[in-house]
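Welcome, and thanks for taking a look at this one with us. Below is a short tour, grouped by topic, to read alongside the structure.

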Amino acid sequence: MKVPSEWNEESYQRFQRELVLLEDETYREFNFKLIFTEYEKIGIRLPYLKDLAKKIAKGNPISFLEVVESTYYEEVMLEGLVIATLKDIDLVLEYFSRYIWKIDNWAHCDSVISSMKIVKANREIFFRRIKKYLKSKDEYIVRVGIVLLLNYYIDDFYIDKIFRLCNGIKLDTYYVNMALAWLVSECFVKQKTKTVLFLGNNKLNKFTQNKAISKIRDSFRVSENDKLLVTNFKK
């Protein structure tokens, strides 16, 4: 699909109509058994949306972000992926602050966050925001904070801060708990010694603790001895 280099309401409406024509009913029925969202669904595969985001980024992505709509799941995903292509940290922060309120499912969260490589060079700026996200009462804003930690912060400098933040998360919902378990399992792979101490003394609920242990045991990056070790921390 060709994309405009400059965007306005008229060019966006044409683009939206072309998006709808890409409907893949079989893929849509399969994909949305795993993703629950209030947005309408077209059924476009993620690699294609990522390719579209790159094409949009070669033109004027800001003009796109000013007119993009939120009728379809794929539009919201595309918006996030375009934000992830921006090179100016101030613009990323501005548009991501708007975008975060549109996220209503794990896929928007996880796919966009994993694409935001600009976080690597601006970790302290994002870390201040993460601390605010984790205090939210919105399930997916909290998940955004957790997935940012998971993707960009597991190292010697941040590991203790990560665990303090984990202990402070109050929201007890499925997609928050699953993200927390995922984060702890990744911490075990990359920072085993401190994660073992955390597993032995933390404020995680039973579901999250045991799910983290399950994820550790399922990992091909963890030795058999370590898989046995973590069973001692089941709640």
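Let's begin at Gln-191, which sits in the loop between H11 and helix H12 (192-200). Please keep in mind that this is a predicted model.

**Gln-191 and its surroundings**

- Gln-191 has a relative accessibility of 14%, so it counts as buried, the cut-off for that being under 20%.
- The side chain of Gln-191 makes a polar contact of 3.0 Å with the side chain of Asp-156.
- Setting aside neighbours within four places in sequence, Gln-191 is in contact with Ile-154, Asp-155, Asp-156 and Ile-159.

**Glu-186 in helix H11**

- Glu-186 is a residue of helix H11.
- With a relative accessible area of 11%, Glu-186 is buried.
- When neighbours within four places in sequence are left aside, the contacts of Glu-186 are Leu-150, Ile-154 and Arg-221.
- Glu-186 and Leu-150 are 36 residues apart along the chain, and their C-alpha atoms are separated by 7.0 Å.

**Aromatic pairs**

- How many aromatic pairs does the structure hold? There are 16 of them.
- One of these pairs is formed by Tyr-140 and Tyr-175, with ring centres 5.8 Å apart and planes at 35 degrees, so the pair is tilted.
- Tyr-140 belongs to helix H9 (residues 139-152) and Tyr-175 to helix H11 (residues 174-190), so this pair ties together parts that are 35 residues apart in sequence.
- Both Tyr-140 and Tyr-175 are buried.
- Tyr-175 also pairs with Tyr-174: their ring centres are 5.0 Å apart and their planes stand at 85 degrees, so this pair is edge-to-face.
- Elsewhere, ring pairs join Trp-7, Tyr-12, Phe-15 and Phe-64 into a cluster.
- Phe-32 has a charged residue over its ring face: Lys-41 lies there, at 5.7 Å from the ring centre.

**The largest pocket**

- The volume of the largest pocket is about 200 Å³.
- Its lining is made up of Trp-106, Asp-110, Arg-143, Tyr-174, Tyr-175, Met-178, Trp-182 and Lys-215.
- Which elements give two or more residues to this lining? They are H7 and H11.
- H11 supplies the largest share of the lining of the largest pocket, with four residues.
- Tyr-174 and Tyr-175, the edge-to-face pair, are both among the lining residues.

**Helix H7**

- Seven of the 10 residues of helix H7 (residues 106-115) are buried, so the helix is largely enclosed by the rest of the structure.
- The buried residues of H7 are Ala-107, His-108, Cys-109, Asp-110, Ser-111, Val-112 and Ile-113.
- What do the buried residues of H7 pack against? Their partners are helix H3 (46-58), helix H5 (73-85), helix H6 (89-99), H9 and H11.
- At the start of H7, a side-chain oxygen of Asn-105 comes to within 3.0 Å of the backbone nitrogen of Ala-107.

- Val-119 is located in the loop between H7 and helix H8 (123-133).
- The relative accessibility of Val-119 is 0%, and it counts as buried.
- Not counting residues up to four places away in sequence, Val-119 touches Phe-126, Leu-148, Tyr-152 and Tyr-153.
- The C-alpha atoms of Val-119 and Phe-32 are separated by 29 Å, and the two residues are 87 residues apart along the chain.

**Ser-11 in helix H1**

- Ser-11 is part of helix H1 (residues 9-21).
- Its relative accessible area is 5%, and Ser-11 is buried.
- With neighbours within four places in sequence left aside, Ser-11 is in contact with Pro-4 and Glu-6.

Notes: Residues numbered from 1 in each chain as written. Predicted model: local features only at pLDDT ≥ 70, side-chain atom pairs only at ≥ 80, totals over all residues. Heavy atoms only, no water. Phe/Tyr/Trp six-rings, centres within 6.5 Å; stacked < 30°, edge-to-face > 60°. Buried < 20%, exposed > 50% of the residue type's maximum accessible area, 1.4 Å probe, protein only. Lys NZ or Arg CZ within 6 Å of the ring centre and 35° of its normal. Contact = heavy atoms within 4.5 Å. Polar contact = N/O pair within 3.5 Å; in protein donor to acceptor, adjacent residues only side chain to side chain. 1 Å grid on protein atoms, 1.4 Å probe; cavity = no way out; pocket = protein on both sides within 12 Å on 5 of 7 lines; lining within 4 Å. Points joined across faces, edges and corners; volume = space filled by probe spheres on them.
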